[in-house]
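Good morning, everyone. Please take a look at the structure on the screen, and then I will walk you through it.

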2 protein chains.
Amino acid sequence: MSGPSRQSADRSGLSRITRHVPVLAWLGTYRRADLPGDLIAGTVVAIMLVPQGMAYALLAGMPPEVGLYASIAPPLIYALFGSSRTLAVGPVAIASLMTATAIAGLGGAAAALPGPVLALLLAAMSGTILLAMGLFRLGFLTNFLSHPVISGFTSAAAIIIIVSQLKQLLGLDVPKSHGFVDGLLGTAAHLDSVNATTAAIGVGAILILLFARRRLVSLLAGLGLPHAVAAAIGKGGPIIAALAGLGAVVAFDLDRNAGVRVVGAIPAGLPDFTMPALDPVLIRELLPAALLIALIGFLESVSVARALAAKRRQKIDPDQELLGLGMANLGAAFSGGYPVAGGFGRSVVNFSAGANTPLASIVTAVLVALVVGFFTPVLHRLPIAVLAAIIVVAVASLIDVRSLLRAWRYNRADAAGLAVTFAAVLAAGIEIGIAAGIALSLALYLWRTSRPHMAVVGRLGDSEHFRNVLRHPVRLYPGVQFVRVDESLYFANTAYLEDRLLAAAVEDPEIEHLVLICSAVNFIDGSALESLEQLVHQLREMGVTLHLAEVKGPVMDRLERGRFVADMAPGRIFLSTHDAAVALAGGERRPDARGLTGK
Amino acid sequence: MSGPSRQSADRSGLSRITRHVPVLAWLGTYRRADLPGDLIAGTVVAIMLVPQGMAYALLAGMPPEVGLYASIAPPLIYALFGSSRTLAVGPVAIASLMTATAIAGLGGAAAALPGPVLALLLAAMSGTILLAMGLFRLGFLTNFLSHPVISGFTSAAAIIIIVSQLKQLLGLDVPKSHGFVDGLLGTAAHLDSVNATTAAIGVGAILILLFARRRLVSLLAGLGLPHAVAAAIGKGGPIIAALAGLGAVVAFDLDRNAGVRVVGAIPAGLPDFTMPALDPVLIRELLPAALLIALIGFLESVSVARALAAKRRQKIDPDQELLGLGMANLGAAFSGGYPVAGGFGRSVVNFSAGANTPLASIVTAVLVALVVGFFTPVLHRLPIAVLAAIIVVAVASLIDVRSLLRAWRYNRADAAGLAVTFAAVLAAGIEIGIAAGIALSLALYLWRTSRPHMAVVGRLGDSEHFRNVLRHPVRLYPGVQFVRVDESLYFANTAYLEDRLLAAAVEDPEIEHLVLICSAVNFIDGSALESLEQLVHQLREMGVTLHLAEVKGPVMDRLERGRFVADMAPGRIFLSTHDAAVALAGGERRPDARGLTGK
């Protein structure tokens, strides 16, 4: 792969600069034809984002305007530095939950600080971590978050979020809780405190959202509207629900008459420049949470960005994404926001509404800024139950039972990783849960590679192919055993290999030659090399000669650096198993029928 | 491999019992001819063991008789349950150091308890851990201690031991120290307090030991002694040094006149039955140390046992070794001993002095018991400097610089693991040092497998072989790219694979077919499968079809469980790369010359 990419990289100094500031690349070549799509998509996302941003801010334990502020600077800055052309950056559900959890978990003097102050610090820390990861090319660290761990975590997070919203959705009086189990029990114990009006608004909003998402588009199209317009209106579920809720409160004064909680006063005007409080003690306390927010936010963003880019044969540069998201989070930290990421839902909407370039994100940011500047009084009496409904509908689709079933069918180790992460996140919290999931999936992987599949092979018919004696009717050779090991040799499986090969030699005293077939050995580390050396000597004491066959180029290069090749003599390294058979057993002339068993 | 072993296992009920109590196997078939070898070897080891056992006990911070007691019951019990015929079990240097460190590290009420009481508990815990590992077949856990980690740890431990003995060897007045660095500085600061007589005895003993080891045998053989007798006397270095030191003290009353420290009174008679103090708080505090003593002791024993067994085409059963060593440690715990293991030096002596069966170990145990029963008054005035010399000479050979140099040449990652373990054990102690070494070696392994070697391959001449375009002069096909990935596909490398393949498709818009060659893919986990599915869709959006080739049997079995094979259509799974080339590019008919570059 490195051939063509090497030739095309670094064509000029300009490309080196635009590589790190992608805006220079797309703005310089902006085509007029892209404008309508960008304007429409940016507007649709802004309409979706205003109620969603407020809702996610409430989920994060912030005043609603924090969500709006986080919807201005971050998408604007991402448009300059991000490598995705259609990723919609701003408040997202999971990062909001993690922000709430991180702040709720603080003790001591920090607990007395206002939430938004802490959120600024979290955003600044996440942003710095992302930039550092980009600088030191540590993006690969997210590779160790396996799909089952992500899936288990996401499902658990969605359930935690939904339970946390029941209070707002139904207007319950629930005391503050610590952890998921406590919150669930507290909510269940206070179900009788339901406010009927609030519950009606909340459930009504859910029905509107589901209707808009599932039926509205086909209904409108059936009424004769152009499909594109119908689809655009279909994306407007949150704004329709918000307007309906707002209308009901205003029409019947439900906030004063029926105890329906509303958003309340939102300061008008753009956010001030804010400076995160850089307190070392606080930074140390928030570090694990900031790290996870950065990692998970990055992972979510990159997977969406990659999926959308592929649809247009575009490319995502993970290191550039780290830069873009890091800068966006720093932007949030200095403009009254809180941690942001690329959201799945809004990015898909942005893409399918026609966004061609990051200009769409700039349009979104400008429109949200207009709302913040001039229309906050309108939002005053918006019922919180509607925002809770928006959150619940948005995250319900994150609960992923299918992945568990699939994993169970395909590979039990994956299913175990998913289930353990899910259960541990619910029972012990996000950080411990994810750590447990990562530890388990790495342990299971290591365990598997520590006991590699090994097969005694024999000649298939008169061919030059050698296959597993248990799967195929093959011929064996008296005195020569061919063993294929299906794994790279490294310290964790080297004792296993040694035991199995010594056992083979002890069990069959007739064996004079043992040929280890290395077609699946991609690497031999120092421990394994020492083991092979010992094996050569130990087998020699038993009167058995060890040979290798089908050793790959890079492995062979390394073996030739030491004395191993000389020490294994009279054992040889054969190019192919067939060569070994011809040299050691006279090839086709002396096949032994006892192996003709097959399966 | 499983074919023949399955057939030979479980031949009868008797074999199932003798499998777990090996003494029944070897005692029932004992041959008279084995007796002389066993008697001589057992006697030689006993002569070596009496001074060595006392020396190691002092190293562990115990009174000397504890080392003798640990040389009676443990070898006796190991003879009944161990699977090695020649392993000599008893006090060893590393376990003694670890015992001393574990006890010195205790704080609170535990620090007031006498050392031997704590050592009994450590032995009981290590024994129980070994038995539990045998029961749950957890012996594979030791596989994760790589050779570089062991080597780094052993070298560091040897240096710690030698520094700890300087005080006794030279008769210095050094205050009690905490940790290696503190001990080294303390010893250096008090070098002027040297006792000249003690130093003379210590250095003299070292010279005797080195002479006995390197020159004595050839000298005696030159004087006309049969080689076997000369060799047996050559093993007696420790007893010669001890007798010389004892003679010097007695002749000149050096203990009273010159301040030479001696062993002092040793209680006569066999050890009483002892009961370890099973205090839960203490157990929790000692657990990490007991675990490491068990793991490292097991590893040391198994590697010696395996090496010796191979010389006679015998087999070591690691699970049985866990049972044998576990019982031996429990034996030590109930008879006034301390943690034991199979020692490298004494086992080699046992083997080369002619031991044929575990009867040799029984002979050793009986002879040490006789010494303890009747000859302890003789040991009273043995100078401690001689015991320190025995320790220093025994462990000096454990310092292993060659391994570091070899690792550096062969594989830098191994060298890093070794160096980090070595430095961390010296700087931060045994437990942290080993943990750091394990973590680093696993991390480096995971890092390597997360960035697998990938190669664009082409047809080699007119053959059916496809090789790396960068290493060989091969032919490529327009519109078809063949990519070989040299690693199993799992969550940690799946994003890397995705990025590389998508980049290939983006960089060369001519590509219509991408063939992933899976000859080195031993496993595809659920995350990687999902990635492949996404890749199929993403490539399809780009107008590229993904195919697989050379998928192995077990991997194919798993792929067929899900919908992947159907979903990847029109992409196909080809038996060989050649088949894919014929089907997709018309085989030999349309080779493209642009790849004929080679290297």
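Let's start with a definition. Rings of Phe, Tyr and Trp (its six-membered ring) pair if their centres lie within 6.5 Å; planes under 30 degrees apart count as stacked, over 60 as edge-to-face and the rest as tilted. By that rule, the structure holds 13 aromatic pairs over all chains. Here is one of them: Tyr490(A) with Phe491(A), edge-to-face, 5.1 Å centre to centre and 70 degrees between the planes. Both Tyr490(A) and Phe491(A) are buried, and buried means under 20% relative accessible area, with exposed over 50% and partly exposed in between (1.4 Å probe, protein chains only). One aromatic cluster is made of Tyr445(A), Tyr490(A), Phe491(A), Tyr445(B), Tyr490(B) and Phe491(B).

A word on ground rules. This is a predicted model: local features need pLDDT of at least 70, side-chain atom pairs count only at pLDDT 80 or more, and totals for chains, interfaces and linings use all residues. Residues are numbered from 1 along each chain as its sequence is written, chains are lettered from A and ligands numbered from 1 in the order in which they are written, and side-chain values use heavy atoms, leaving out hydrogens and water.

Now the interface. How many residues of chain A are in contact with chain B? There are 83, and they meet 86 residues of chain B; contact means heavy atoms within 4.5 Å. The area buried between chain A and chain B is about 7700 Å², and carbon and sulfur atoms give 53% of that. Buried area is the accessible area (1.4 Å probe) that two parts lose on being put together, summed over both.

Next, charges. A salt bridge is a side-chain nitrogen of Lys or Arg within 4 Å of a carboxyl oxygen of Asp or Glu. Over all chains, the search finds 20 salt bridges. Between chain A and chain B the count is six. Asp486(A) and Lys552(B) meet in a salt bridge at 3.5 Å, N to O. Asp499(A) and Arg306(B) meet in another, at 3.1 Å. Asp499(A) is partly exposed, at 23% relative accessible area, whereas Arg306(B) counts as buried, at 11%.

Salt bridges also occur inside a chain. Asp255(B) bridges to Arg381(B), with the closest N and O atoms 2.9 Å apart. In chain A, Asp253(A), Asp255(A), Arg256(A) and Arg381(A) are linked in a network of salt bridges.
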